[in-house]
Structure formats: structure tokens, C-alpha cells
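Please read it alongside the sequence and coordinates.

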Amino acid sequence: MGKIKNSKKEMSFLDHLEELRWLLVRSTVFILGGGIVAFIFNDFIFNKIIFAPKDPNFITYRFFCKLAQRFNFDDSFCSKELPFEIQNRTMDGQFSVIIWTCITAGFIISVPFILWEIWKFISPALYQNEKKYAKLFIIISSLLFFLGVAFGFYIITPLSINFLSNIQVSEFVKNQIDINSYIGLVKTTSVACGLVFELPIIIYFLSVMGLVTPQFLREYRKYAIVLILIIAAVITPPDVVSQIIVSIPLLILYEVSIYISKFVQSAKKLDKKDSDSVAKL
């Protein structure tokens, strides 16, 4: 992948630590800035986004209800109400929920800026022709993250809420869910899916560093499939349809990662061939 052409002096370990410190400082500023924006629109965030899966008319429930009716599956998504209430049990509960939810929203909003900071941090270790892909890296990484967040919010979160809210050990036990528990499920699921969807980007850099090859990924594909199915079983209700819905995008991402690793390996071979040709001259 070409020779490294870096005009800057080679940085010491302490210099790298200093750069990392400023990366964290700037990232924190971006997150807090996004959190302030989220706080301004907190009514919309809570009423139209966070608590949307509590509504039985939520778009996901309507989709799965129509799907269940069409193929004669379980019609639990067609219920007219979800049998649980959300309540606050502590004096500062709602205040802390607002603060931490806005910080989480700030993190999601600022992901493109954080990715740009990460790119600036790792770019000195990259080849010159690799540095040209900065904009492409930011765009693809951001899209994958936001796609993962949307998948977690619109697919996994409603599946989990619908399943967990309908579990009842006895008619004497009512589901009165603490607000921290409910919002924690929504936030954790959405952000975790966003991070999982970054798998192709992670594989790209591992391939660039030579830690992963397409042969390795193909050889351990069967173990990856088992791991993906386990993850799908853990984060979804215990029914086959839900597990398949969650597994499909993860399997697609893994296959895409193999092709990305293959592309990196081919580019390395081509650069090595070019370097050898130049050396012979």
C-alpha cells in the first residue's frame, strides 16, 4: 500500500499519550455539545423516540402483526396494549434519567466527529494512499453506526419489550417497570447494535495491521456463525423468527468483512509487487 510519506518527526510514546489525551478531551466536548442539543429537544426525544416502543401502535409492532397474520405466526404483536407501566421510584430518578439520556444522545449525535478524531489519531501510521480515504471512512463508519442504532431501536428493542412485558409468573404480579430499567434497555440495545455494526471497519484495520486475513475469517466462519446465533438468542425473545431477523444482518456483516479483508490483502500484494519492481530498477 505504498510507502509512508510523513514529514513529521516520529512521535515518542509520551507524544502518543498526549495525542490520545487530546482526542479524549475533544471527543468529550463533542459529546457534551451534542448532549446540550439533546437537552433542548428532550421532550421530543422522550415522547417521540424513547417511549415510542411503549405504544402498541409503534411501526414495528404493526409490521410484525401484519407479518404474523399473513403467515399464521404468533400474533402477540397484535395486542392493543403492552401490559406494563413505567414509574419512577427515587427522588432524583427523572432528573438523572434526563441527564444520562441526553449524554447518550450526545454521543450518538457526535459519532461522526469522534470518528474524525480517531482517524486523525491513527492516520500517521497509515500509508499515503490510505490517508486519502478519510472522508470515505467517516461516511461509511457513521452510516454503519446509525444503521446499527436504527436496527437496535426499531427491531431488537420492540422485540425485547414485547416479549419481556408479556412474561407473567402469576396474575398477582403486575409489571411496574422502573424508568431506569426501561430506558436502560432502549439505550444499551441501540448503542450496542451501533457498535456491533462497525465490524467491517474493525476488520479493515485488523487486516491492514496483518492481524486478520480472509483465509482466517473463512476458516473460522462456522464458529462465527455459532457465536452470532448465540448473540441473537441472548438479545432476542426465544422464538426462531426473532433470532433469524437479528442473525441475518450480523451474518451479512461478517461476509462483507471477509471481502474487505480480501481487498486489503490484494492491495498489499499489489503494492509489494510495485515496490519490488522499483527496487529492481
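S257 is placed in helix 12, which covers residues 240–280. The model is a predicted one.

- S257 has a relative accessible area of 1%, and because the limit for buried is under 20%, S257 counts as buried.
- Leaving aside residues up to four places away in sequence, S257 touches L199, P200, I203 and L217.

**Nonpolar core**

- The largest nonpolar core holds 54 residues, and the members that touch the most other members are I50, F137, F151, Y182 and I183.
- Helix 7 (residues 134–165) gives the most to this core, with twelve residues.
- F151 touches I156, C193, F197, I245, V246 and P249, again not counting residues up to four places away in sequence.

**Aromatic pairs**

- The count of aromatic pairs comes to 18.
- In the pair of F58 and Y154, the ring centres are 5.8 Å apart and the planes lie at 5°; planes under 30 degrees apart count as stacked, so this pair is stacked.
- F58 lies in the loop between helix 2 (42–50) and helix 3 (59–71), whereas Y154 lies in helix 7, so the pair ties together parts that are 96 residues apart in sequence.
- For Y220 and Y223, the ring centres are 5.7 Å apart and the planes are at 40°, so the pair is tilted.
- Y220 is partly exposed, with a relative accessible area of 35%.
- Y223, at 52% relative accessible area, is exposed, because the limit for exposed is over 50%.

**Aromatic cluster and a charge over a ring**

- One aromatic cluster is formed by F46, F51, F84 and Y182.
- Y182 is also among the residues that touch the most other members of the largest nonpolar core.
- F84, another residue of that cluster, has the charged end of K54 over its ring, 4.6 Å from the ring centre.

Definitions and conventions
Residues numbered from 1 in each chain as written. Predicted model: local features only at pLDDT ≥ 70, side-chain atom pairs only at ≥ 80, totals over all residues. Heavy atoms only, no water. Helix = DSSP H or I, 4+ residues; strand = E, 2+ residues; numbered from the N terminus. Buried < 20%, exposed > 50% of the residue type's maximum accessible area, 1.4 Å probe, protein only. Contact = heavy atoms within 4.5 Å. Core = buried A, V, L, I, M, F, W, Y, C linked by side-chain atoms within 4.5 Å. Phe/Tyr/Trp six-rings, centres within 6.5 Å; stacked < 30°, edge-to-face > 60°. Lys NZ or Arg CZ within 6 Å of the ring centre and 35° of its normal.
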